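Thanks for making time this morning.

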Amino acid sequence: MYVMFRTLLFIGCLFFAHESEAEVFVSSQQGIFLKNFEIEIQPRELRYFRILPENENFVAGLETRINVGSPFPNISAFICDEHNLNLYKNGNEANCFGMSKGNNQFSFKANRYSPSEHYLVLDNRYALFIKKHVNVSIYAHINLPSEMVHTLKSSFEEMLTLIHYLFIAPDFDLNLASCEQENAFSATKDGDITICSELIYGSLENKGAFVSILFHELGHTFMNLWGLPHYSNEKTADEFAIAVLLMSENDGEKYIYDWIKWFENRQSAEGELIAAYNGGQHPLTVQRINNIKNILANRSDFLKRWSKVLYPHMTNEALNMVINEPYQGANVSLAQEILNNRKIAGN
Ligand SMILES: [Zn+2]
């Protein structure tokens with residue numbers, strides 16, 4: 001079936017090039033959640049964290065949000081480059097962005113203002129006895145270089161080509177944009193998909209996660225366009241992604257494990273916090289991981305159930321490939337039956 005996918009990809013491109021009206025939009029202005037963490041700063045303590053490495057030039061600006069817990073909810077917080085960090089540490093006048101003894105919740109903007117490393121500085125040296133519980137969230141505005149815009153655009157186009165070759169559905173557009181939240185949307189009206197750059201950040205080096213996230217959204221869109229009742233259900237969209245990925249015997253399963261790995265990394269790092277802040281519509285990571293693992297452990301029933309959902313919407317070419325090169329768990333007799341019925345109906 002892997003061969004099938006590759007062949008599909010090629011044939012699909014030929015077909016798609018003149019048939020499709022679907023468009024992929026990738027903006028060069030994107031945004032990501034760079035850091036999100038909680039920390040205790042002791043009395044008389046100064047802590048700093050590297051936020052931007054040296055000579056990195058994608059990040060155009062930073063927005064830092066600080067939230068300090070009671071009973072004395074204040075802290076000094078700054079973004080400084082390396083030179084100014086050293087000045088600040090030694091009590092000299094420094095050129096940094098931020099706020100002295102900021103209260104409760106406060107936020108400030110900063111630009112990258114030199115090629116050297118940039119740091120977040122949390123300073124509680126003025127407090128003699130009170131430690132501070134601080135929650136930090138840093139959002140970065142990114143300027144994507146044009147090669148990266150192009151690469152992202154072609155990866156999305158490639159996957160849309162494949163999925164349109166497999167399934168019969170109206171066209172829809174796909175948009176990669178910054179939404180200031182970690183999310184993705186599939187519009188009920190026309191199935192158009194918006195993937196937030198905040199969501200796929202961290203999945204760009206993990207192809208499996210990237211593909212799986214997109215297939216999850218495609219699940220919402222296709223099931224909506226097919227008029228199925230559970231299109232907005234998150235678990236159902238995860239299942240759609242898994243069912244389609246398991247049709248590809250080589251890479252599909254590997255992609256699913258990469259997706260689990262990506263979930264686990266996010267969970268340990270910052271994912272749940274961000275999701276909670278934004279009132280995310282997606283279920284908690286741990287539940288999703290468990291669902292996916294359960295499916296992989298009991299896949300034959302799962303694939304049989306999903307063949308009944310998916311095959312009626314598959315193209316003749318894709319059904320023929322299921323019959324000629326069946327993947328593990330393929331429902332060959334159903335594929336045959338659907339093709340026969342289409343022949344009788346003259347499709
Ligand atoms: Zn979803």
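This is a predicted model: local features need pLDDT of at least 70, side-chain atom pairs count only at pLDDT 80 or more; totals for chains, interfaces and linings use all residues.

Ala-184 sits in strand S11, residues 184-186, and its C-alpha atom is separated by 9.1 Å from that of Leu-214, a residue 30 positions away along the chain. If we set aside its neighbours within four places in sequence, Ala-184 is in contact with Ile-193, Thr-194, Ile-195, Cys-196, Leu-199, Ile-213 and Glu-217.

One of those partners, Ile-195, turns up again in the largest nonpolar core, which has 49 residues and in which Ile-195, Phe-215, Phe-240 and Ala-243 touch the most other members. Helix H5, residues 207-225, supplies the largest share of this core, namely nine residues. Ala-243, again leaving aside neighbours within four places in sequence, is in contact with Leu-303, Trp-306 and Leu-310. Apart from this core lies another, of 25 residues, with Leu-120, Val-121, Ile-138 and Ala-140 among its members.

Among contacts with a separation of 6 or more, 71% are between residues 24 or more positions apart.

Now to the helix packing, where two packed helices are described by the angle between their axes and the distance between the axes. How do the axes of H6 and H9 cross, and within what distance do they come? The axes of helix H6, residues 234-245, and helix H9, residues 285-297, come within 11 Å and cross at roughly 40°, and the two helices are therefore oblique to each other. The crossing of H6 past H9 is right-handed. On the H6 side the contact is made by Lys-235, Asp-238, Glu-239 and Ile-242, and on the H9 side by Arg-288, Asn-291, Ile-292 and Ile-295. Sorted by class, that contact of H6 with H9 has four charged residues, three nonpolar and one polar.

The other pair I want to show is helix H11, residues 316-324, with helix H12, residues 332-345, which pack at an angle of about 145° with their axes 9 Å apart. Here H11 passes H12 in a left-handed crossing. H11 contributes Asn-316, Leu-319, Val-322 and Ile-323 to the contact, while H12 contributes Val-332, Ala-335, Gln-336, Ile-338, Leu-339 and Arg-342. The residues of this contact of H11 with H12 divide into seven nonpolar, two polar and one charged.

Finally, a word on the backbone. Most residues other than glycine have a negative phi, and most peptide bonds are trans. Arg-44 has a positive phi, near 65°, and lies in the loop between strand S2 (29-41) and strand S3 (46-52), where it counts as exposed because it has 12 C-beta neighbours inside 10 Å. Lys-101 also has a positive phi, near 45°, but its place is in strand S6, residues 97-103, and with 13 C-beta neighbours inside 10 Å it counts as partly exposed.

I will stop there and take questions.

Methods
Residues are numbered from 1 along each chain as its sequence is written. Axes are lines fitted to C-alpha atoms, for helices over the stretch in contact, and angles run from 0 to 180 degrees between N-to-C directions. Helices (H or I, at least four residues) and strands (E, at least two) are DSSP runs, numbered from the N terminus. Angles under 35 degrees count as roughly parallel, over 145 as roughly antiparallel, 65 to 115 as roughly perpendicular and the rest as oblique. A crossing is left-handed if the near helix is turned anticlockwise from the far one by less than a right angle, and right-handed if clockwise. Two residues are in contact if their C-beta atoms, placed from the backbone, lie within 7 Å. Ala, Val, Leu, Ile, Met, Phe, Trp, Tyr, Cys and Pro count as nonpolar, Asp, Glu, Lys and Arg as charged, and the others, Gly among them, as polar. A nonpolar core is a set of buried Ala, Val, Leu, Ile, Met, Phe, Trp, Tyr and Cys residues joined through C-beta atoms within 7 Å. A residue is buried if 20 or more other C-beta atoms lie within 10 Å of its own, exposed if 12 or fewer, and partly exposed in between; C-beta atoms are placed from the backbone.
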